[in-house]
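This report is written for a reader meeting the structure for the first time. The sequence and the model come first, and the description follows.

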Amino acid sequence: MQGEKLSYSRLISRTKYFQEKSLELEKELIFANDQLASLEKQLESSKDHESTIAHLKEELNQLEKRLETQTEEFTQMKNEVEVTKERKNRTDDSTKIKGFEDLLAEMQIEINEKDKRLQHYQGKIKNLEKKAQYLPTEKAAEVEAKPTGIADHFAVSYFNTSIIILDKQSVMIRGDLQIENCGGAKLTNPLVCFRFSPSEMATLKGRIYPIEVAETKALDSNDRVHWVFPDHDWLEKAKEKGEIWVSPLHPVTLHPGDKIAIESFQIPIKSEFKDPVIIEGFVYFQSNNYRMKVSNQIALSY
């Protein structure tokens with residue numbers, strides 16, 4: 001009232017007060033009406049009470065005006081209570097909306113994480129499909145020294161390396177792996193395995209790329225043979241099994257007399273390895289059902 005802004009709790013208290021006050025006024029009005037009726041009956045028998053009746057009528061009019069005023073105030077208070085309720089409901093709705101927005105934000109973060117995982121698995125599947133073109137049916141450890149297959153398929157492979165002493169703690173092996181088709185039939189898509197002993201030594205550097213990196217570089221297949229690691233997690237497997245697999249990025253065909261090479265590879269060696277370091281090589285031509293072991297090996301001891 002009078003422009004005063006009331007809190008919700010005060011409005012409730014004021015409303016109850018005016019409700020009680022209105023009830024009391026109604027009771028007083030009923031009592032006054034009863035008195036008036038009684039006096040009107042007495043008026044029939046006596047004209048002396050006219051002044052008393054006029055006085056009571058005046059009091060009744062005043063009570064009626066007070067009741068009307070209290071009713072107006074009660075109506076105003078009721079309206080203010082309704083407005084306060086609406087404001088409170090809007091506040092509750094805003095809180096709910098904020099909660100939904102937070103939930104949606106959390107769901108979006110979860111969706112992004114799952115999308116990243118999906119892309120990771122799709123890359124892994126793609127790499128496995130690439131490797132499937134070359135993957136042999138037997139492990140490198142089971143390969144015999146002499147070539148197998150039909151007589152027309154025959155190739156020679158060997159390491160050509162040098163050792164560079166970097167310091168007292170480390171050396172670097174640099175070299176090439178040469179592959180030559182010495183048979184009478186063509187050979188396609190060689191898959192090369194470097195096997196390290198001990199397995200912790202398995203590291204291979206040079207112009208050999210992870211397959212996902214090579215594909216983004218858009219390397220030209222007409223320029224030269226580009227070698228890649230076909231396994232998506234090749235480094236983890238190398239440390240676990242001591243084997244590193246390498247294959248051409250694009251299809252390769254070796255006609256009789258043709259040569260290819262994995263050039264300028266690098267193998268760092270740390271002196272912390274006290275046991276002799278031995279590196280063997282194996283070459284697979286899966287589509288030709290032909291496999292061979294590299295004719296020499298790399299051996300280093302301290």
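This is a predicted model: local features need pLDDT of at least 70, side-chain atom pairs count only at pLDDT 80 or more; totals for chains, interfaces and linings use all residues.

Residues are numbered from 1 along each chain as its sequence is written, and side-chain values use heavy atoms, with hydrogens and water left out.

The protein chain has four helices and twelve strands, taken as DSSP runs (helices H or I, at least four residues; strands E, at least two) and numbered from the N terminus. Of its 302 residues, 33% are buried; buried means under 20% relative accessible area, exposed over 50%, and partly exposed in between (1.4 Å probe, protein chains only). The chain exposes about 19,300 Å², of which carbon and sulfur atoms supply 51%; accessible areas come from the Shrake-Rupley method with a 1.4 Å probe, and for residues only the protein chains shown count as cover.

A nonpolar core is a set of buried Ala, Val, Leu, Ile, Met, Phe, Trp, Tyr and Cys residues joined through side-chain atoms within 4.5 Å. The largest one has 36 residues, and F194, L204, I244, V246, I262 and F265 have the most contacts inside it. Strand β9 (residues 259-270) gives this core its largest share, five residues. Another core, of seven residues, lies apart from it and includes L29 and L60.

Five salt bridges are found in the whole structure, each being a side-chain nitrogen of Lys or Arg within 4 Å of a carboxyl oxygen of Asp or Glu.

| Pair | Closest N to O distance |
|---|---|
| E280 and R195 | 2.6 Å |
| E263 and R207 | 3.6 Å |

By contrast, E263 is partly exposed at 39% relative accessible area, and R207 is partly exposed at 39%. Salt bridges with shared partners join R195, E280 and K293 into one network.

On the surface, L103, L104 and M107 form a nonpolar patch with about 290 Å² of accessible area together. Patch residues have over 30% relative accessible area and no salt bridge; like charges are joined within 9 Å, and nonpolar side chains (Val, Leu, Ile, Met, Phe, Trp, Tyr) within 5 Å. M107 lies in helix α2 (residues 50-132).
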